[in-house]
Amino acid sequence: MEKHDGPDSGKVRIEDPWYDALASGWGELDGTGAPAPAVPPAHGRREDRGARAADVYLEVQRSAAFQEVRSRYRRFVIPGTAVFLLWYVGYVVTATAAPSFMARPVAGAVNVAMVAGLGQFLTTFLLTWAYARHARLRRDRAALDLRWDTQELTRGAAGGGR
Amino acid sequence: MTGNHQTLALLLFSVFVAITLGITTWVSRHRHGSAEEFYAGGRLFSPMENGFAIAGDYMSAASFLGISGLIALFGYDGLLYSVGFLVAWLVVLFLVAELVRNCGRFTLADVVVSRMGERPVRIAAGTSSVTVSVLYLVAQMVGAGSLVALLLGGTGGAVRTWTVVGVGALMVVYVSFGGMRATTWIQIVKAVLLMGGAVALTVLVLLRFQGDFDQLLRTAAQRSGHGTSFLAPGLRYGGDWTARLDFISLGLALVLGTAGLPHILSRFYTVPTARAARRSVVWAIGLIGGFYLMTIVLGFGAAAIVGPDAVRGSNAAGNTAVPLLALDLGGGAASTGGTVLFAVVAAIAFATILAVVAGITLASSASVAHDLYASLRRRRAKPRSEVAVARTAAVGTGVVAIALGLLARDLNVAFLVGLAFAVAASANLPVLLYSLFWRNFTTRGAVWSVYGGLLPALVLVVLSPVVTGSPDSLFPGADLQYFPLENPGLVSIPLGFLAGWLGTVTSAEPPDEAGHAETEVRALTGAGAV
């Protein structure tokens, strides 16, 4: 199922795990989707280096850049989780409570139950692909920028605090 | 099974054991015993490697032989059971993998304590992790004993005893000498073998039916003696309403429990970044999904080619369906092809057991050393000695698992896997999700949610028909049965979430806003991740 990773999941990534940390977000556009619109930087200012490291996290958390990354993440995973959990619970409950409905033939020996069961496999693969794609295009780059910014700020805070 | 099968199967077992011991020696030669190395294998595995290792860690012999056997005997209900094992990975992918990689270091407790009072939370999360691991481990050990005895044709207790002891000794050697690096490579080798074996058998089955899946289903239904109801739910889980509720409970435990299994969570620490963790899960979902799709073909294939009567005649639970299918596909019991295929399947099943138990032992020793020992000891031991503790804990886990495995040898422990998932879903998942997503979560809430899921799950099982009060119980003589379901998940999972909420709202301590900010920022960006 390497396809989930997009056509560009080539040898480089497999052989070089550091590719991830260094180049995450860049070179990831596989032509199938538009790049995520740029997110404003979390911090341009350097004067708050004296702040305590704990405050840095509060500050980053309140920044527009972080809120944007968080809401992009939540807007995908909350509905996504609700959909697959409902679909799975519905499937299990129907299979146990209404087996006669599930036994209805569809085509040949294939019945509703078989279609629903294989449908669970299919939706799992589709949601996996959709999540990986969403994260790659909409989240990774902004999250990585935030990571470097935050780490720089915490380093500054730790250094300035002493 | 004839002598030829046994000799060849034993030979292949030995080859696999030799290879894995070779890996362990090679790995332990050049490495220093840092915690990073022992628990996380240096964190430099690639997503593909880790994806295979996750699949190798997750797909037990119960999946390979058990689910296909279930399909061979009960048709559709086996498929129904397998779906939960796959869908569960969406919970892992969406809510857990990346965030855990970013926030934690080695164990589940690491994620939670980043914003909580360290000691009580670590002890709680460590306790529940060890509980889950031991339950799962005992199920695997007992399964290993009966499986090897079955495949080698030995019926006596001696074969089973020595298998349990041997598997226990091997897993201790892998883990204490090779740590995460050796365990990971063993799981990768196993996953490749398992997928290879499954693909080969699936292709042979489909060739037998000229690639016509519909024809396969019709033959299976006809041969089963149940007709079309073989292809619909109800033969296994469709009894009275208690049995149906029981299956819903099991399904819920499977789908929510995977994300709380300690040996699965620890796999995300072996890759460098959250992105790599996500891509490993994508690989794992591909492999696991593909594998369960093949089990469907193998199960119905066994029903169509071998026939449920022959399967049931060999083993009442259906565990020999795939080996018997392999024997037939290879050309029958007297042929070389049949002998070889049978031995290969037996060896793969054995490799599967070894890889799974090694992963669980490692996770359990990490929880003992990193969470329990580190919280309960005096503050003088150095980090270096934590690895020594973990190695000792691996030996201890092995001894406990062997002892329980031998004690439970003749008991009906099929419920243990479902129970391990139920405990993971009730005790580990609520605390994990609350600490990652809930702003107001407090230390008391964390402790309550762990114990509030763990204790009801265990108490309900003791009061359930699997322990007393029915002919299939562990102790058929006694009667303590007050709870009708075999799997406690339906009740204990909501209780775990409820207890966490209740503990938080009644807590006098104000929520730690800075702690929450740190967890949230680190979880989503990877800032400060190790």
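Me: What makes α4(B) count as mostly covered?
Reply: In this predicted model, 14 of the 14 residues of α4(B) are buried. Buried means that 20 or more other C-beta atoms lie within 10 Å of a residue's own, while 12 or fewer is exposed and anything in between is partly exposed, with C-beta atoms placed from the backbone. The name α4(B) covers residues 61-74 of chain B; helices are DSSP runs of H or I with at least four residues, strands are runs of E with at least two, and both are numbered from the N terminus.

Me: Before we go on, what are the ground rules for numbering and confidence?
Reply: Residues are numbered from 1 along each chain as its sequence is written, and chains are lettered from A and ligands numbered from 1 in the order in which they are written. As this is a predicted model, local features need pLDDT of at least 70 and side-chain atom pairs count only at pLDDT 80 or more, whereas totals for chains, interfaces and linings use all residues.

Me: How do you know what span to expect for α4(B)?
Reply: The expected span is 1.5 Å times one less than the number of residues. With 14 residues, α4(B) reaches 19 Å from its first C-alpha to its last, close to the 20 Å expected. Just after the helix comes Gly75(B), with a positive phi of about 65 degrees.

Me: Why are the buried residues of α9(B) said to line one face?
Reply: They are Leu216(B), Leu217(B), Ala220(B), Ala221(B) and Ser224(B). Seen down the helix axis, they fall within an arc of 125 degrees, so they line one face of α9(B); the arc is that of the directions from the axis to the C-beta atoms. These residues pack against α12 and α13 of chain B, contact meaning C-beta atoms, placed from the backbone, within 7 Å.

Me: What makes something a nonpolar core?
Reply: A nonpolar core is a set of buried Ala, Val, Leu, Ile, Met, Phe, Trp, Tyr and Cys residues joined through C-beta atoms within 7 Å. The largest one has 240 residues, and Ile288(B) and Ala420(B) are among those with the most contacts inside it. Helix α15 of chain B gives the most to this core, 25 residues. Ala420(B) touches Val132(B), Leu135(B), Tyr136(B) and Ala139(B), leaving aside residues up to four places away in sequence.

Me: How many residues does each chain put into the contact?
Reply: Chain A and chain B each bring 55 residues. On the side of chain A, α6(A) has the largest share, with 19 residues.

Me: And what makes residues on that side nonpolar, polar or charged?
Reply: Ala, Val, Leu, Ile, Met, Phe, Trp, Tyr, Cys and Pro count as nonpolar, Asp, Glu, Lys and Arg as charged, and the others, Gly among them, as polar. By that rule, the side of chain A that touches chain B divides into 34 nonpolar, 15 polar and 6 charged residues.

Technical notes
Two residues are in contact if their C-beta atoms, placed from the backbone, lie within 7 Å.
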